[in-house]
Amino acid sequence: MSIQQDNKLQQIISHAKEYGFVFPSSEIYDGLSAVYDYGPYGCELKKNIRDYWWKSMTQMHDNIVGIDAAIFMHPTTWKASGHVDNFSDPMIDNKDSKKRYRVDHLIEAKAEELAQEGKKDEEATLLKKMDELLAAEDFVGLKKLIDDNNIKCSISGTANWTDIRQFNLMFKTEFGAIASDNADDNIVYLRPETAQGIFVNFLNVQKTARMKIPFGIAQTGKAFRNEIVARQFIFRMREFEQMEMQFFVRPGTEGEWYKFWKEERLNWHLSLGISKDKYRYHDHVKLAHYAKEACDIEFEFPIGFKEVEGIHSRSDFDLSQHQYYSKKKQQYFDNDINPETGKPYGNYVPYVIETSIGLDRMFLLILSNAYEEEVITKEDGSTDSRVVLHIPAKIAPVKLAILPLLKKDGLPEIAKQLLEECKPHFKCFYEEKDAIGKRYRRQDAIGTPFCVTIDHQTKEDNTVTIRYRDSMKQERIPLSKVKQLVLGEI
RNA sequence: GCCUGUAUAACUCAAUUGGUAGAGUGUCAGACUUCCAUUCUGAAGGUUGUCCGUUCAAAUCGGAUUGCAGGCUCCA
């Protein structure tokens, strides 16, 4: 990574803060690590990205419908999904080798060693004690057990250990205002992914919306992960928003649908006018146990190529797990005729293709792609600079700035009339302060694609100057065409 | 989590061996101004991230802590 690129992320962070896109969370209290708030322009941009995704998924595909599931879900959901078991192990680090171990693995390895030395009794005692301590979640006791048995790191060969810590990716909270006798009864999690809200509603949606396979369920919403290391601005946050679509297909057809969505999703990105060179696929070689195929769509951020979206062929893993844990059938009856047998395909648990994109990452993608510090040469040969956000017009926070050239001679009145006309259709910004050039630059900095200026000539022939953000070109168009022109571009 | 760096006004940065914190930009009010950061007048805005210590005196020295950035590690 070059110094220049490092600076670019810095500049984007500064710009995002200065112009009201992204603030550190609770900044007056020194912020909260890896949590950010979206400001006035940021939340408009974020909402526009979300809307654009939502529309392209649910409106442009007539076999995809949306839901909005709760963030709280029944705790068993996360047992079924595997999150409880996979993300809550006590871990310990060796300070010399910097190697991190799962505590149970570390102690079991020592037990194995004892067994090979023929010390069967000691092995049994050790394992028994470990089980007791693990069950009691006695981390101090476990640490002592490691020390007492002189367990060493296999790499550094030292016994210089950190304290034992529980790493749990999921945030826990208590459900219900009254504490139960058994504290565990009250635990609920903040969802670490939105996908499960779709899976548990699979049959509700399929039946009520009368969907036939293949069909998809889309959802946007917050998810929470207690990341060990959360950094790189809004790229990895502890609270983030996902835009997910689970596409349910007949087993055996998942390969072609995986291929379809892989292309379809990249095309969505390109439809925003972003260069294809900035994107690449990263096909997963090491697959999760349930996945058949998986890839990431990566974008060249200022911090290098990073995942912005994942496309996964998840087989019937999730629905089958929920079927097992809930003891409720998660099957679909397929009336289509199987040409091989001449009979309907019948009952099966559908396979799933998932497309999952991080909204906050998409936001950072748009900012990174849009941010430019431009040096412009003026007519007299002197140079000037401007900071401009080349945000696609469709998702720009403000679409049109309406600027009377002077704040007198009736110009503001005409401008305000135009504002009233356009306001119901798209986000506008009105300003009469300062010189016109300064106002243009301010709009460049927040990525407003169009500015119109009302001048004295407007009073004579009802034309205005429209000025384009990216080219800085100006042209005169009839006042009455302004709304139409902007609507055509967004 | 470990290591490194860093923190002064909204932003970018000054402040000599420790000696009462300044500038530019921006913001706000007003005047001027006929198309890309014009000019003029005035104003607001900082217990120097936080806490503790050394000192007659700390933005400056020391310790701790928090945030941010990077490297490693971890995770998806």
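Okay, a residue here counts as buried if 20 or more other C-beta atoms lie within 10 Å of its own, exposed if 12 or fewer do, and partly exposed in between, with the C-beta atoms placed from the backbone. Take Gly 66: with 17 C-beta neighbours inside 10 Å, Gly 66 counts as partly exposed.

Before I go on, this is a predicted model, where local features need pLDDT of at least 70 and side-chain atom pairs count only at pLDDT 80 or more, while totals for chains, interfaces and linings use all residues. Residues are numbered from 1 along each chain as its sequence is written, and chains are lettered from A and ligands numbered from 1 in the order in which they are written.

Back to Gly 66, which sits in strand 3, residues 64–66. Helices (H or I, at least four residues) and strands (E, at least two) are DSSP runs, numbered from the N terminus. Setting aside neighbours within four places in sequence, Gly 66 has contacts with Trp 54, Thr 58, Ala 218 and Gln 219; two residues are in contact if their C-beta atoms, placed from the backbone, lie within 7 Å. How far apart are the C-alpha atoms of Gly 66 and Tyr 101? They are separated by 41 Å, with the two residues 35 apart along the chain.

Now the whole of chain A. We have 16 helices and 23 strands, and 32% of the 490 residues are buried. Among contacts with a separation of 6 or more, 61% come from residues 24 or more positions apart.

On to the cores. A nonpolar core means a set of buried Ala, Val, Leu, Ile, Met, Phe, Trp, Tyr and Cys residues joined through C-beta atoms within 7 Å. The largest one has 81 residues, and Phe 363 and Ile 366 touch the most other members. Helix 12, residues 359–370, supplies the largest share of this core, at seven residues. Domain 1 (39–73 + 189–367) and domain 3 (398–489) each put in at least three; those bounds come from an automatic or database domain assignment. Beyond four places in sequence, Phe 363 is in contact with Leu 45, Lys 46, Ile 49 and Ile 234. There's also a second, separate core of 15 residues, including Ile 92, Val 103, Leu 106 and Trp 161.

Next, the RNA. A residue is near the strand if its C-beta atom, placed from the backbone, lies within 6 Å of it. Which of the 44 residues around RNA strand B come nearest? That would be Ser 33, Gly 437, Asp 455, His 456 and Thr 465. Elements giving two or more residues to this surface are helix 1 (3–18), strand 18 (383–389), helix 14 (436–446) and strand 22 (463–468). Helix 14 gives the most, with five. By class, the surface has 16 nonpolar, eleven polar and 17 charged residues. For the classes, Ala, Val, Leu, Ile, Met, Phe, Trp, Tyr, Cys and Pro are nonpolar, Asp, Glu, Lys and Arg are charged, and the others, Gly among them, are polar.

Last, some backbone details. Ile 213 and Pro 214 are joined by a cis peptide bond, omega about 5°, and Pro 214 lies in the loop between helix 9 (202–208) and strand 9 (215–224). Ser 315, in strand 13, has a positive phi of about 55° without being a glycine. Is Ser 315 buried or exposed? Ser 315 counts as buried because it has 20 C-beta neighbours inside 10 Å. Lys 327 has a positive phi too, near 60°, and lies in the loop between helix 11 (317–326) and strand 14 (332–338). With 7 C-beta neighbours inside 10 Å, Lys 327 counts as exposed.
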